[in-house]
Amino acid sequence: MVHTFGLLGRVFALDTESGSFFEIDPIVKALLDGDDTSPFSPCEISDAQAEIDELKAQGILFAPEINAQLPPYASTIKAMCLNVSHNCNLACKYCFADGGTYNDTRRNMSFETAKAAIDMLVEMSGTRRNLEIDFFGGEPMLDFDVVKQTVYYARSLEKSHNKNFRFTITTNAYKLSDDDIDFFNEQMYNVVISIDGRKEVHDRVRKTVGGKDSFDIVIKNALRFKEKRKGQYYVRGTFTHFNTDFCSDVLFLNDLGFDQLSIEPVVLDSKSPLALTDADMPTVLKEYEKLAEAYIERRKTDKWFNFFHFMIDLDNAPCAVKRLKGCGAGGEYVAVAPDGTVYPCHQFDGIQAMALGNVFDRKLDDAKRKSFYTCSVLSKPECSACWAKYYCSGGCMANSYKHNGDVNLPYKPACELMKKRVECSLAIKAIEESSN
């Protein structure tokens with residue numbers, strides 16, 4: 001399978017199975033696509049065809065399908081999300097977790113529950129040394145004492161169990177003190193701060209529980225965080241129907257000094273006024289191209305930044321399993337609710353039909369876990385026939401389940417956006433490398 005595309009004034013070809021990526025001439029694109037070659041001379045056509053034939057002979061163009069298989073299912077776990085708070089001080093209009101409550105009563109996780117979760121992870125991690133914990137919510141800073149206790153408890157187990165914990169926290173930064181930031185620098189490998197971009201965009205959808213605008217406080221705290229941060233971080237936003245010009249939000253955040261950025265498309269039922277519509281899609285796709293162009297230019301200046309969805313590594317790509325099934329939800333990755341219920345990931349929290357077990361009895365439903373483990377591009381006919389399958393890995397299982405009732409049915413609105421982001425990423429990679 002070969003995918004050709006034009007972007008940023010250049011023309012490219014990607015061989016899906018070999019992963020080979022080329023910048024090509026228009027005549028090569030015409031030949032690969034079976035398009036009209038009459039504008040070109042017989043000599044040009046002959047030379048281009050000879051080049052294609054040589055690449056085929058080398059096995060890097062129209063390569064045969066990889067005989068990829070998932071390794072046998074293993075019950076080990078290496079990563080865990082602790083939804084330490086089913087509560088939030090913001091009431092974001094697009095929140096997948098119903099204002100942080102996950103359709104639950106507002107409550108926080110006790111240290112006893114968090115401790116049991118850590119014990120379960122250590123026990124079920126087998127011989128894996130490097131383990132990951134993500135503190136999430138709701139707003140995890142509303143249960144920050146438990147977060148700190150949990151970190152210190154996990155650290156106390158590292159030497160005796162030959163483990164190394166890596167912690168991440170996601171916060172809206174509405175209540176973020178200097179002491180909190182110091183703790184992040186000491187213990188958090190990664191910190192994700194939620195900001196949607198320009199003030200009017202952010203305040204439209206990210207108000208406090210009391211209905212007040214949150215931008216001014218959040219941005220003040222986030223800038224102080226950025227100034228003091230030692231280590232990895234991301235400022236992550238969400239764009240909706242009302243800011244399909246999200247490139248402006250990314251560049252706005254970059255202008256403030258943030259250089260690690262991500263902005264995601266909202267995922268909502270089509271009845272929501274915030275949901276992206278079919279009519280929005282051409283604008284959104286063009287916006288990614290606009291952002292890609294600005295991205296290349298800014299990375300030549302003191303406004304250099306990373307954009308999460310444009311970061312692609314052709315030389316050291318993810319391992320085969322990650323390419324086939326992505327995040328590992330339900331398998332090597334699980335999430336824990338405040339009451340100790342274990343779910344395949346944080347987005348399944350509160351969906352009782354998807355519960356896997358509880359941290360206190362440590363008996364997880366292997367049949368359910370296997371059904372998540374085997375969910376991959378190999379189990380999705382539409383995905384296995386897609387040129388972007390090894391970059392998308394079949395998409396988000398939670399979105400598939402929530403919108404299609406089946407983790408094996410792709411969430412279609414995300415597909416075109418993913419393809420465009422991959423095209424932009426590949427084009428950026430080629431252009432930046434050719435200019436070095």
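## A first look at some buried spots

Cys92 is buried, with a relative accessible area of 12%; buried here stands for under 20% relative accessible area, exposed for over 50%, and partly exposed for what lies in between, using a 1.4 Å probe and protein chains only. What you're looking at is a predicted model, where local features need pLDDT of at least 70, side-chain atom pairs count only at pLDDT 80 or more, and totals for chains, interfaces and linings use all residues. Residues are numbered from 1 along each chain as its sequence is written, and side-chain values use heavy atoms, with hydrogens and water left out.

Now for the cysteines. A disulfide is a pair of cysteine sulfur atoms within 2.5 Å, and by that rule the count is zero disulfides.

| Cysteine | Nearest cysteine sulfur | Distance |
|---|---|---|
| Cys92 | Cys88 | 6.0 Å |
| Cys396 | Cys345 | 6.1 Å |

Cys396 counts as partly exposed, at 32% relative accessibility.

Next, some helices. Helices (H or I, at least four residues) and strands (E, at least two) are DSSP runs, numbered from the N terminus. Thr113 sits in helix α3, residues 111-124. With 5% relative accessibility, Thr113 counts as buried. Its side chain makes a polar contact of 3.0 Å with the side chain of Ser110. That term covers a pair of N or O atoms within 3.5 Å; within protein, one must be able to donate a hydrogen and the other to accept it, and residues adjacent in sequence count only if both atoms are side-chain atoms. And what does Thr113 contact, leaving aside its neighbours within four places in sequence? The list is Ala337, Pro338, Asp339, Gly340, Val359 and Phe360, with contact meaning heavy atoms within 4.5 Å.

Over in helix α7 (residues 215-228) you'll find Val218. At 1% relative accessibility, Val218 counts as buried. Not counting residues up to four places away in sequence, Val218 touches Asn172, Ala173, Tyr174, Ser194, Ile195 and His202. Val218 and Lys175 lie 43 residues apart in sequence, yet their C-alpha atoms are 8.0 Å apart in space.

Last up is helix α8, residues 247-255. The buried residues of α8 are Cys247, Asp249, Val250, Leu251, Leu253 and Asn254. So what do these buried residues pack against? They pack against the helices α6 (199-205) and α9 (281-298), plus the strands β10 (232-239), β11 (260-265) and β12 (306-307). After α8 comes Gly257, which has a positive phi, near 115°.
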